[in-house]
Amino acid sequence: MKNKNRHSKFIYSIIVLLVIVVLGVAAWIWQSRSRTDGTAAASGRTGTVSTLDEQARDKVRSMSPQQRVGQLMMIGIQGTTVDQDAAYQIAQYHMGNVILFDRNMQSTQQVKDLNAALARQIRRQSQDTPPFIAVDQEGGFVLRMREAFPRVPSEQQLGEQGDPAAARTWALTTGKKLKELGFNLNFAPVVDLGSASERSYSSDPAVVTSFALQAVQGYEEAKIWCSLKHFPGIGKVRTDPHLDGDQVAASREELLAADMKPFSDLIRQVPHDKMFIMVSNVTFPALDPQLPACVSQPVMTGLLRQQFGYEGLILSDDMEMGAMAKHYAFSDMGVMAIRAGADIVLVCHDYGHEQETYTGLLKAYENDESFRKLVDEKVTRIVRTKLAGQAAGYL
């Protein structure tokens with residue numbers, strides 16, 4: 001009898017052990033699939049939102065208020081290296097993103113070294129969050145570092161040639177070269193209708209959409225973000241926004257049917273994590289009778305987010321242009337833009353203006369609970385975009 005009981009206990013122990021092993025193997029398989037799904041999702045548009053959101057929220061929770069506010073800004077630096085002033089600007093104000101101009105570029109190797117140094121410095125100050133490193137490389141008259149770059153034709157030249165595939169070829173060529181230099185964001189293509197200085201493919205919205213779609217796909221193939229500009233479309237302006245403000249006297253219906261049509265069409269056709277949208281500092285009285293587009297809630301939130309359903313990043317144009325700088329304080333501009341719907345505010349030239357904008361944003365963040373909640377949502381969107389880009393090879 002004792003032997004029989006002993007045998008039964010032994011069999012029971014074996015069964016329990018087998019159950020534990022089976023459960024352990026099942027749990028391991030489930031976790032492996034979850035990790036695989038999360039990695040695959042990071043490169044998609046919607047299937048990974050929950051996983052990326054969790055990662056982004058964790059990252060943002062680890063950031064200080066100063067680091068969070070820094071993610072909302074894209075700044076310019078003055079020199080060709082991360083000198084003492086640039087290093088101070090990044091370290092003291094936790095600036096999360098940067099744009100380069102011709103003043104920062106001397107040679108191919110120097111630009112590579114500068115961008116690598118900027119990425120290291122910014123990561124160090126932002127919980128290892130990589131920066132967007134941007135440039136305006138449209139082609140034609142707007143072409144940085146001409147000596148080291150292919151002669152990229154203007155959008156007008158491409159449009160007149162009538163072959164949308166050429167826009168893709170040139171975007172791919174431009175994107176690959178920029179990526180070699182350490183950039184990950186190009187502020188192109190321009191999708192305004194009939195802009196001056198050969199900056200538009202056409203005055204026909206359907207033509208602009210066809211060329212811009214090819215360009216966006218070329219940048220995507222090169223694994224570099226691009227940005228449509230300048231929403232809601234500034235082809236009708238008479239005054240250069242660099243100099244002063246202007247108003248576009250077109251009806252809402254006209255703007256929707258013409259100037260905004262390429263934006264709305266491309267928002268429907270392109271994954272929103274592959275392209276950003278830059279908003280103009282021009283005023284459109286039919287959309288907002290008081291404020292320029294880059295600080296207008298009806299324009300950025302009402303139109304871009306709610307009516308067009310755009311879920312990607314919204315960036316202001318440079319706040320140092322006369323259209324803004326002559327009429328608003330830098331301490332207010334950033335707060336106005338973020339409240340209205342922007343995710344990132346550009347202040348591209350003067351260190352003092354960058355600091356004023358940052359200080360205004362930080363003060364509002366610390367003193368206004370609703371603004372703090374809004375900023376945390378935007379920083380989460382920014383970080384999620386960067387994490388997705390990292391998984392997809394953009395960073």
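## Strand pairing in the barrel

Two strands count as paired if DSSP finds at least two bridges between them. In this predicted model, Cys226 has Met275 of strand E6 as its bridge partner. Strands E5 and E6 are joined by 4 bridges and run parallel.

The pairing continues along the sheet. E6 and E7 are linked by 3 bridges, again in the parallel sense, and Met278 has Leu315 of E7 as its bridge partner. Leu315 also has a bridge partner in E8, namely Ile344. Between E7 (residues 314–318) and E8 (residues 344–347) there are 2 bridges, and these strands run parallel. Together, 8 strands form a closed barrel with parallel pairing, in the order E1-E2-E3-E4-E5-E6-E7-E8. Helix H10, residues 261–269, packs on the sheet and touches strand E5 (225–231) and strand E6 (275–279). The direction of H10 makes about 150° with that of E5.

## Strand E6

Is strand E6 largely enclosed or left open, and why? Because 5 of the 5 residues of E6 are buried, the strand is largely enclosed by the rest of the structure. A residue counts as buried when its relative accessible area is under 20%.

## Helix H11 and its ends

Helix H11 covers residues 297–307. Its buried residues are Val299, Met300, Thr301, Leu303, Leu304 and Arg305. As a general point, an α-helix has 3.6 residues a turn, so residues three or four places apart point the same way.

The N-terminal end of H11 is capped by Ser296, with a side-chain oxygen 3.2 Å from the backbone nitrogen of Val299. After H11 comes Gly309, which has a positive phi, near 75°.

## Cysteines

How many disulfides does the structure hold? The count is 0. A disulfide is a covalent bond between the sulfur atoms of two cysteines. Cys226 is buried, because its relative accessibility is 0%. Cys294 has a relative accessible area of 0%, so Cys294 is buried as well.

## Aromatic pairs

A pair of aromatic rings is described by the distance of the centres and the angle of the planes. The structure has 9 aromatic pairs. One of them joins Tyr93 and Tyr358: the centres are 5.3 Å apart, the planes are at 80°, and the pair is edge-to-face. Tyr93 belongs to helix H4 (residues 84–93) and Tyr358 to helix H14 (residues 351–367), so this pair ties together parts that are 265 residues apart in sequence. Tyr93 is buried at 14% relative accessibility, and Tyr358 is buried at 3%.

Phe132 and Phe276 form another pair, with ring centres 5.2 Å apart. Their planes meet at 70°, so this pair is edge-to-face; the cut-off for that class is over 60 degrees. Phe132 sits in the loop between helix H5 (108–124) and strand E3 (133–135), whereas Phe276 is in strand E6, so the pair ties together parts that are 144 residues apart in sequence. Phe132 is buried, with a relative accessibility of 0%. Phe276 is buried, also at 0%. Phe132 and Phe276 belong to one aromatic cluster with Trp225 and Tyr394.

Notes
Residues numbered from 1 in each chain as written. Heavy atoms only, no water. Contact = heavy atoms within 4.5 Å. Axes fitted to C-alpha atoms, helices over the stretch in contact; angles between N-to-C directions. Buried < 20%, exposed > 50% of the residue type's maximum accessible area, 1.4 Å probe, protein only. Polar contact = N/O pair within 3.5 Å; in protein donor to acceptor, adjacent residues only side chain to side chain. Disulfide = S-S within 2.5 Å. Phe/Tyr/Trp six-rings, centres within 6.5 Å; stacked < 30°, edge-to-face > 60°.
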